[in-house]
Amino acid sequence: MTWSDTFLAALKDNDVRLISYVPDNVLTPLIKGATADNYFMSVNATREDEALGTVAGAWMGGMRGIVMMQTSGFALIANALASLIVPYQIPAIMVVSERGTIGEFNIGQVLVARTMRPVLDALAVVHHTLTDEATLRFVVDRSIKQAMLTQSPVVFILSPLLTGGNPAGPK
Amino acid sequence: MATSGNPKVLNRADLTRRLVGKLRDQAVVAGIGNANFDLYAAGHRAQNFYMLGSMGLACPIALGVALAQPERGVIALEGDGSLLMSLGCLATIATVKPRNLTLIIWDNGIYQITGKQVTATSHATDIVAVAIGAGIANSSWVRDEAHFEELIGRGFEQGGPTLLVAKIDDKPGEIQPPRDPALVRNRFMKGLGDARSGVLDR
């Protein structure tokens, strides 16, 4: 099983049906797998904060959801995290493909990547950097359960160690 | 202000009361500021959501609710300034095409709550034209109160996505819902049928 198949299987095991995404090279296998599978409801959002709002509304209506974004997309969601997801206690699940490290060619991504964990820590949002296929299923499955049981969001950061990074790569 | 057909200038509180008077258990997601103040003032309902922050996200939140509960009518109430911040969601809503989603935009051409600074709709931007261009074919200006009554006389469970824009005056909301997001979320979820949200209510 590829890392993306394993990740999607963990979502299915936890009844996470809605996938709202802004595309990214690294996320391609995840998005492809999700859109090809009738179990998931896939919605392409125009912005990452819009995606987060949609997942928040869906959860309140009884449908679990995940937002898929790349690192630069994370930079857009600070207000949605701080004034919607966290104070309303919405257990939104987020997956961020980690740009900006271990082979990045775009300095913008490098700088946004530096803001990501400090922002999450400042808001006390749980995050896990996924580096290893062997522990992926365990971490994702149990962290989604924790999010639901504690009414808290969770962010999975997909390291280049797991995904191979941006296929465009450093040249 | 950019409109078409010379709609009458209406009042947000009045139209909100008329809307609430027609509803049963449809979900209403009201955006930041006076949109949610006037919804609360019209009489709290179990299926109301008051968005206290995250300007621009009322329509996306409403989309999420509509996707999760396709049998329930879902209405977003949003101001022109807020909608301008998230115009892309109109494209998403046009693409997803939820039949049970209605967007009602209160357009007074100003950021009322921050001191009445003018928005783009006071100049060249026509929200109905934007929505039609985004792909929401069922978009229209509200001509007057009678037209509004006619438009909201339906159930909201089907026939969407629909966008209605009312040109409104600058009267601010008079009372505010409690600034307690966890409470708002709990009551909204209970109203939408979540069993656990009501478990401590006796």
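1. Ile102(A) is placed in the loop between strand 4 and helix 6 (107-122) of chain A; helices (H or I, at least four residues) and strands (E, at least two) are DSSP runs, numbered from the N terminus. The phi of Ile102(A) is near 55°, a positive value in a residue other than glycine. Ile102(A) counts as exposed, with 11 C-beta neighbours inside 10 Å. Here a residue is buried if 20 or more other C-beta atoms lie within 10 Å of its own, exposed if 12 or fewer, and partly exposed in between, with C-beta atoms placed from the backbone.

2. On the basis of the note: this is a predicted model, in which local features need pLDDT of at least 70 and side-chain atom pairs count only at pLDDT 80 or more, while totals for chains, interfaces and linings use all residues. Residues are numbered from 1 along each chain as its sequence is written, and chains are lettered from A and ligands numbered from 1 in the order in which they are written.

3. Lys97(B) also has a phi near 55°, a positive value in a residue other than glycine. Lys97(B) sits in the loop between helix 5 and strand 4 of chain B, and it counts as exposed, with 12 C-beta neighbours inside 10 Å. A further backbone feature of chain B is the peptide bond from Gly160(B) to Pro161(B), which is cis, with omega near 0°. Pro161(B) belongs to the loop between helix 7 (145-151) and strand 8 (162-167) of chain B. As background, most residues other than glycine have a negative phi, and most peptide bonds are trans.

4. Chain A contains eight helices and six strands, and from the N terminus on its elements run α-β-α-β-α-β-α-α-β-α-β-α-β-α. The radius of gyration of chain A is 15 Å, close to the 16 Å given by the globule rule for 171 residues, so chain A is as compact as a globular protein of that length. That radius is taken over C-alpha atoms, and the rule is 2.2 Å times the number of residues to the power 0.38. The C-alpha trace of chain A spans about 45 × 35 × 30 Å along its principal axes. Of the 171 residues in chain A, 48% are buried. Among the contacts in chain A with a separation of 6 or more, 77% are between residues 24 or more positions apart; two residues are in contact if their C-beta atoms, placed from the backbone, lie within 7 Å.

5. Ser97(A) lies in strand 4 (residues 93-97) of chain A and is buried, with 26 other C-beta atoms within 10 Å. Leaving aside neighbours within four places in sequence, the contacts of Ser97(A) include Asp24(A), Val26(A), Gln70(A) and Leu158(A). Ser97(A) and Gly73(A) are 24 residues apart in sequence and 9.6 Å apart in space, C-alpha to C-alpha.

6. Chain B has an open sheet of six strands in the order 2-1-3-4-8-7, with parallel pairing; two strands pair if DSSP finds at least two bridges between them. Strand 2 (48-50) and strand 7 (138-141) of chain B stand at the edges with a single partner strand each, so one side of each is left without a neighbour in the sheet. Neighbouring strands of this sheet are turned by 15° against each other on average, direction ignored. Strand 1 (residues 27-30) and strand 3 (residues 74-79) of chain B pair in the parallel sense over four bridges, and Ala27(B) has Val74(B) of strand 3 as its bridge partner. Helix 2 (residues 34-41) of chain B lies across strand 1, strand 2, strand 3 and strand 4 (101-107), running at about 125° to strand 3. Axes are lines fitted to C-alpha atoms, for helices over the stretch in contact, and angles run from 0 to 180 degrees between N-to-C directions.

7. In the largest nonpolar core, of 113 residues, Val29(B) and Ala62(B) touch the most other members. Helix 3 (residues 58-68) of chain B provides the largest share of this core, nine residues. Such a core is a set of buried Ala, Val, Leu, Ile, Met, Phe, Trp, Tyr and Cys residues joined through C-beta atoms within 7 Å. Not counting residues up to four places away in sequence, Val29(B) touches residues including Gly57(A), Phe49(B), Ala62(B) and Ala76(B). Eleven of the eleven residues of helix 3 of chain B are buried, so this helix is largely enclosed by the rest of the structure.

8. At the interface, 27 residues of chain B are in contact with 25 residues of chain A. Helix 3 of chain B gives the most to the side of chain B that touches chain A, with eight residues. By class, that side has 17 nonpolar, eight polar and two charged residues; Ala, Val, Leu, Ile, Met, Phe, Trp, Tyr, Cys and Pro count as nonpolar, Asp, Glu, Lys and Arg as charged, and the others, Gly among them, as polar.
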